[in-house]
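Here are some notes for a colleague who is meeting this structure for the first time. Please keep the sequence and the model in view while reading them.

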Amino acid sequence: MAPRNLLNLEDAHKTFGRDPIFNGVSLGVAAGERIGVVGRNGGGKSTLLKVMAGLEPADSGRVTRATSLQLGVLSQVARFTPDQSIADFVLGDRDEHDWASEARSREVLDALLGGYDAPRLARVMGQLSGGEQRRVQLAHLLLQNLDLLLLDEPTNHLDVEAVDWLARHLRSRPTLSVVVVTHDRWFLDEVSDRMWEVVDGRVEEYDGGYSAFVLAKAERERQSSVEQQRRSNLIRKELAWLRRGPPARTSKPKFRIDAANALISGEPPPRNQVELLAFAGARLGKTVFETHDVSLAFGDRLLLDHLTWDVGPGDRLGVIGVNGAGKTSLVRLLLGLQQPSAGRVVKGVTVKPAYLSQHLEELDPTWRVLEAVEQVAQRVELSKGRELSATQLCERLGFGGDAQWTPVGDLSGGERRRLQLTRLLMGGPNVLVLDEPTNDFDVETLTALEDLLDSFGGTLLVISHDRYFLERVCDRFVGLMGDGAVRDLPGGLEQYLELTHVGQARQPPVAARAARAESPPGRSVDGSAAGATASKTARLDERAQRKELVRLERLITRIDQKESDLHRVMSENATDHVRVSELNEQLREVISEKVEAEEAWLALSVDAE
C-alpha cells in the first residue's frame, strides 16, 4: 500500500517584489519520507518551508495538508516568551514522572541540553545564548509525536557530536517525515532519501542523499551541456572527492555501484598534494608553528597542559572538539593573539597568516564589494602558476557581475562573511586559519570555496562543525578532548566520535572498550613509541584496503566488458536459438560474478570509512 500523502503544493507561486521566489512549483511529501533541500542563499528554501507550514501564504496555487496532520517547524528565528523557563517551553504541563519515565525524552534532553536536572530546566529562555535557544527549540519539537517535521538549518550551533546524535535519532524514527534545509552535506547524506534543489524559481527533485544528488546532477550536466563550464568543473571536483567514500557509506544508495564507478573512475584527485606540499615548503621553510611545553589556563580551567606540538608546511589540519574545549584559543595562541600561561610558541619567520574569525570585520559601508577587495591587492597567487585577479576571486566566491558593485552596507551577514574571506585570500597568505568558515554559506558557495582551497599552496588550519567540509579540505585531524592535550586522529572524525561519549553510546560497553583499545592514537604529542607503532599498523591496514578496492574496481571493469561483449554476440546470433541459450547461461554467470564483486567492493568501502 502506498504511504499516506501528508502535504502537497500544486502550481504554487511566490514573489517578493519583482523577483519570483518559486514559480509554478508542484511537489508532495509522503509519510516516512526524508527530504533534503539545497540551493543558493536567497533562492527561496526557507520561504518554501514557510509556505508548506502555512506560516506564509502562496500568491497562487494550492497547498493541501492531510487531515489531523501533526506538523512541527524549526525556523531560524526562535519564538518564545523571555521569562518562560526551559521546562515550560520544552515540556509544557507534562508531569515529571510522565516524561522522566520515557527513554526518548531523557535521551533528547541529555543530548541537546546536557541533562534534565531541575536547575538546568529552571533557566529562563531570555538568558540563553542563541545556540542554547536553538537546542531548546529542537528538543521541544523532538519530544512531540509529529507526523512531519520541517527543519530550517537544524545543525547551526550544534557541535560534531550533537549533529551525529541528531542524524541517528531521526533515522531511529522511521514513521516521522522530515524536510530539512541545511548546508551540512554530511547530515543531508545521513538523513535524506530524496533531495530538492531550489533553483531559478523551480524545485528539481533527485533520488538519494547529497552524494546521489551530486552524481545525478553531474550526469544531467554531461547529457545537457547547457550549464556553464565553471559550474560543471565544480561538480567534477566534488566527484573526485566522493570517490573517497560518501557514495559507499550512504545507507540507501540509489545508483548501482557500477554506474557510480563509471561516473567517478575517470576523475583526477581534487588536488595535487605533492605539488602543493613542495610549493608550501618553498614559501614557508621548515618551521610554521611550534609549541614547547605550553600551558593555557582561564581561571581554574586548564585548556592546554604542557603541550609540545608542531604544525608544518603544507599541513591541511582539521581541529575538532566539543564547544569550550579551547579550539579557538589554540589557534589564537599559534597566531600570537593570545599569550600562554607557561611555555613558549615559535612562529616561522616566513609565516604570513590570515585569520577568518567568527566575528565580522568592520568595513566602510560606502565601499563597493570589488573596491573592498582591491583595497587589499589587485592580484593573488594561490599556488605555483595559479593567479587570480580581484574580479576573478570575487566571482569564485559568489560575487559575480553586478554583485561586485553592491555597497558593503547593503550586504547580508553571509555575504559580509564571504567578503571577509575574499579579502583575506587576496592578501596572499601562506598560512590560512579558518574558524567556523561555513557559517551562513550555501552549498554552492561551500563547493566554490572547497575548489579554491584545493589550489591553496600553504598551511591550512580549520575549525568547523561541518563534517563534510572538514573531510573535504583537510588531510589530517587533531582533537581537543578536554584533558589539556592535542591528540592526532588518523581515523578522522569517526575516531574522534569513538573516543567521546557519543562513540561509546553507539556501541555495547565491551565493543566500545575494544574500539578504544584498537584505535590508533597516531602521532601523540609526547612522541611515544606505542603511538607510532599503532599508527604504522593503521597505515598498513589502510594500504591493504586501498589495494583490495583497486583490485575489485579493475575486476568490475573487466566483468563489465565481458557483459558488453556477450550482449553484442547475442545480438549477432539472434536467430540461432541454441547459441543464444548458451550465451544466456554465460551471461547469468557473469552477472552473478559482477553482483558478488560489487557487494564485496561496497562492504570494503563501508569498512574503510
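The numbered points below go from the whole chain to its sheets, helices, cores and ring pairs.

1. Before anything else, please keep in mind that this is a predicted model, in which local features need pLDDT of at least 70, side-chain atom pairs count only at pLDDT 80 or more, and totals for chains, interfaces and linings use all residues. Residues are numbered from 1 along each chain as its sequence is written, and side-chain values use heavy atoms, with hydrogens and water left out.

2. The secondary structure of the protein chain comes to 24 helices and 20 strands, where helices (H or I, at least four residues) and strands (E, at least two) are DSSP runs numbered from the N terminus. Of the 609 residues of the protein chain, 49% count as buried; buried means under 20% relative accessible area, exposed means over 50%, and partly exposed is in between, with a 1.4 Å probe and protein chains only. Among the contacts with a separation of 6 or more, 70% are accounted for by residues 24 or more positions apart, a contact being heavy atoms within 4.5 Å.

3. An open sheet is formed by three strands in the order β2-β1-β4, with antiparallel pairing; two strands pair if DSSP finds at least two bridges between them. Its edge strands are β2 (19–30) and β4 (60–65), each of which pairs on one side only. On average, and with direction ignored, neighbouring strands of this sheet are turned by 15° against each other; axes here are lines fitted to C-alpha atoms, for helices over the stretch in contact, and angles run from 0 to 180 degrees between N-to-C directions.

4. Within that sheet, strand β1 (residues 5–16) is joined to β4 by five bridges, and the bridge partner of L7 in β4 is R65. Helix α1 (residues 45–53) packs on the sheet and touches β1, β2 and β4, its direction making about 125° with that of β1.

5. Which residues of helix α4 are buried? In this helix (residues 103–113) they are S105, V108, L109, L112 and L113. Seen down the axis of α4, these buried residues fall within an arc of 95°, so they line one face of the helix; the arc is that of the directions from the helix axis to the C-beta atoms. They pack against α2 (86–91), α3 (96–100), α5 (118–122), α6 (130–142) and α7 (160–171), and just after α4, G114 takes a positive phi of about 85°.

6. The largest nonpolar core has 45 residues, of which V90, L112, L142, L149, L170 and F187 touch the most other members; such a core is a set of buried Ala, Val, Leu, Ile, Met, Phe, Trp, Tyr and Cys residues joined through side-chain atoms within 4.5 Å. Elements that give two or more residues to this core include α2, α4, α6 and β6 (148–152), while its largest share, six residues, comes from α7. Leaving out residues up to four places away in sequence, L112 touches R135, L138, A139, L142, L158 and W165. Another core, of 44 residues, lies apart from it and has V160, I320, F399 and L460 among its members.

7. The count of aromatic pairs comes to four, under the rule that rings of Phe, Tyr and Trp (its six-membered ring) pair if their centres lie within 6.5 Å, with planes under 30 degrees apart counted as stacked, over 60 as edge-to-face and the rest as tilted. W99 and Y116 form an edge-to-face pair, at 6.0 Å centre to centre and 85° between the planes. W99 is in helix α3 and Y116 in the loop between α4 and α5, 17 residues apart. W99 is buried at 5% relative accessible area, whereas Y116 is partly exposed at 34%.

8. Y210 and Y468 also form an edge-to-face pair, at 5.5 Å centre to centre and 85° between the planes. Y210 lies in helix α9 and Y468 in helix α19 (residues 467–473), so the pair ties together parts that are 258 residues apart in sequence. Y210 is buried at 1% relative accessibility, and Y468 is buried with a relative accessible area of 1%. Ring pairs link Y206, Y210, F213 and Y468 into a cluster.

9. Finally, strands β10 (residues 289–298) and β11 (residues 301–311) pair in the antiparallel sense over seven bridges, with F289 opposite V311 in β11. Their hairpin has two residues between the strands, and G299 there takes a positive phi near 60°. Five bridges also join β10 to the antiparallel strand β13 (residues 342–347), where V346 is the bridge partner of E290.
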